[in-house]
Amino acid sequence: MSNNIADDLKKLAMAGLGAAALVTEKSMAWIDELSKKGEETSQNAQPIIDDLAKKGADAFEKGKVIGSDLKDKLTRAFTDCADQMQQMDVNEVKDSMEGMTDDTLSELKAHLESVMDLRKSQSDEAQETPEE
C-alpha cells in the first residue's frame, strides 16, 4: 500500500514535469510557425524561444528539487513506520513473555544467547576477511 502512494506521487511529479516540457516544446513550434509565415522574424522570435527554454529548464530544476524533497519525506515516513512496527513486535514479544513459565523463559534465554553468539562470530569473521 505504501509503495502505491509513493508511485502515485512520483507519477504526479513526472506528469507535471512532462506538461512543462510539452508546453515549452509546443510554444517553440508555434513561434517557429509564426516566423515561417512572416508574422514574426526569426530575430524577434529568438528571445522569446530563449525565454521559454529558460522557463522550461527552471521548471524542470524546481521539479527535481520537489521530487528530491518528496523522496526524503517519504523515506522518513516509511522509516518511522518501520520503526513503529518493529517496536510493536518487541512489545508483543514482551507481552507474550508475561505468561511463560520459568522453564520456558530459561529455554528462550538459552536460545537467544546462542543466536547472539552466532551473530557475534559471523561479525568477527566478516571483520577478519580481507577485502579484495
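Tutor: Helices here are DSSP runs of H or I with at least four residues, strands are E runs of at least two, and both are numbered from the N terminus. This is a predicted model, where local features need pLDDT of at least 70 and side-chain atom pairs count only at pLDDT 80 or more, while totals for chains, interfaces and linings use all residues. Residues are numbered from 1 along each chain as its sequence is written, and side-chain values use heavy atoms, leaving out hydrogens and water.

Student: Where in the protein is confidence lowest, and where is it highest?

Tutor: The quantity to read is pLDDT, the predictor's confidence in each residue, from 0 to 100. In this protein the mean is 79, and 89% of the residues reach 70 or more. Helix α1 (residues 2-37) has the lowest confidence, with a mean of 75, and helix α3 (residues 102-128) has the highest, at 88.

Student: What do Asp58 and Lys54 form?

Tutor: A salt bridge, meaning a side-chain nitrogen of Lys or Arg within 4 Å of a carboxyl oxygen of Asp or Glu. For Asp58 and Lys54, the closest N and O atoms are 3.0 Å apart. By this rule the count comes to 4 salt bridges.

Student: Is Asp58 buried, exposed or partly exposed, and what about Lys64 and Glu61: which class does each fall in?

Tutor: Buried means under 20% relative accessible area, exposed over 50%, and partly exposed in between (1.4 Å probe, protein chains only). Asp58, at 33%, counts as partly exposed. Lys64 is partly exposed at 43%, and Glu61 is partly exposed at 42%.

Student: How far apart are Asp51 and Thr24, in sequence and in space?

Tutor: They are 27 residues apart in sequence and 9.8 Å apart in space, C-alpha to C-alpha. Asp51 belongs to helix α2 and is partly exposed at 35% relative accessible area. Thr24 lies in helix α1, and at 13% relative accessibility it counts as buried. Thr24 also pairs up with Gly56 in this reading: 32 residues in sequence, 6.0 Å in space, C-alpha to C-alpha.

Student: What share of the residues is buried, and what does the accessible surface come to?

Tutor: Buried residues make up 8% of the 132 residues. The accessible surface, from the Shrake-Rupley method with a 1.4 Å probe, is about 11,200 Å², and 57% of this belongs to carbon and sulfur atoms.

Student: Which residues gather in a patch of negative charge?

Tutor: Charged patches take residues with over 30% relative accessible area and no salt bridge, joining like charges within 9 Å. Asp and Glu count as negative, and a charge is placed at CG of Asp or CD of Glu. Here the surface patch consists of Asp89, Glu92, Asp95 and Glu98. Asp89 lies in helix α2 and is partly exposed, with a relative accessible area of 47%.

Methods:
Patches are made of residues with over 30% relative accessible area and no salt bridge: like charges are joined within 9 Å, nonpolar side chains (Val, Leu, Ile, Met, Phe, Trp, Tyr) within 5 Å.
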